[in-house]
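User: Hi! Could you walk me through this structure?
Analyst: Happy to, here it is.
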Amino acid sequence: KLRHMKTLNKIIIAVVVLALIGLIIKFSNSKKVENIPEPEKPVVIENDESIGTFSDNDFSFQYKKDLIAKDYNETSSWRGNTQTEGEFHVGILIPSSVQPNTNFREAKFTVGLSSDSVALTECLIPTNGERAKGEVTINGVVFKKITLTDAGAGNYYDTTSYRAVHNEECYAVEYTIHSTNLRNYSPDQNIQEFDTPFIVQTLESMAQSFKFK
């Protein structure tokens, strides 16, 4: 009988030990689960509401809406530095307010086109003081890059023009930066040199987004 009691005690002790081991393992596993970080949530990329798109039947381009004052609608030549006939299609104005207290006056981004025979002849070559700057491919279309620098009465006008013949019409995608000579201002006005790279990048982003349909 005593031997039977000893055996029973051993069984009870074994059961208790196994139960304790089970609880320890369960507790340990629960801690490990709690320490496992949750899977990263997928990144949702929102539409950039600061970017606008101008689009018509023939082409489109993008622009930063926060830098745009208004559509630059005026009865002007279809492109700068020409007397040929054409259609001034669309323009965007960047006002002086984007670079306050500097010598930046404004910048214009324009798109024009012409089917005039002389305009087509002159489309891809520099004229009237312009300079050829090679070829640039924009969204699969090869454009001639042509620049022009003009100055007068303390004002500077730097134009970059991308031109291509498309559907028997000369397209001019170009921008002009208007700035002034810092010597026009007295020291007490504290006028600084404008951020040229920022303005150029803003205009170039519009030009490089130009796409024919």
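Analyst: A word on terms: helices (H or I, at least four residues) and strands (E, at least two) are DSSP runs, numbered from the N terminus. This is a predicted model, where local features need pLDDT of at least 70 and side-chain atom pairs count only at pLDDT 80 or more, while totals for chains, interfaces and linings use all residues. Residues are numbered from 1 along each chain as its sequence is written, and side-chain values use heavy atoms, leaving out hydrogens and water.

User: Great. Where does T147 sit?
Analyst: T147 is in strand β7, residues 141–152.

User: Is T147 buried or exposed?
Analyst: T147 counts as buried because its relative accessibility is 17%. Buried means under 20% relative accessible area, exposed over 50%, and partly exposed in between (1.4 Å probe, protein chains only).

User: What is T147 in contact with?
Analyst: Leaving aside neighbours within four places in sequence, T147 is in contact with E130, R131, K133, T159 and T160. Contact means heavy atoms within 4.5 Å.

User: Switching topic: which residues form a disulfide?
Analyst: C123 and C170 do, with sulfur atoms 2.1 Å apart; the cut-off is a pair of cysteine sulfur atoms within 2.5 Å. A search of the whole structure finds 1 disulfide.

User: What does the pair tie together?
Analyst: C123 lies in the loop between α2 (117–122) and β6 (131–138) and C170 in strand β9 (residues 169–180), so the pair links parts 47 residues apart in sequence. Both C123 and C170 are buried.

User: And the handedness of that link?
Analyst: The C123 and C170 link is right-handed, with 80 degrees about the S-S bond.
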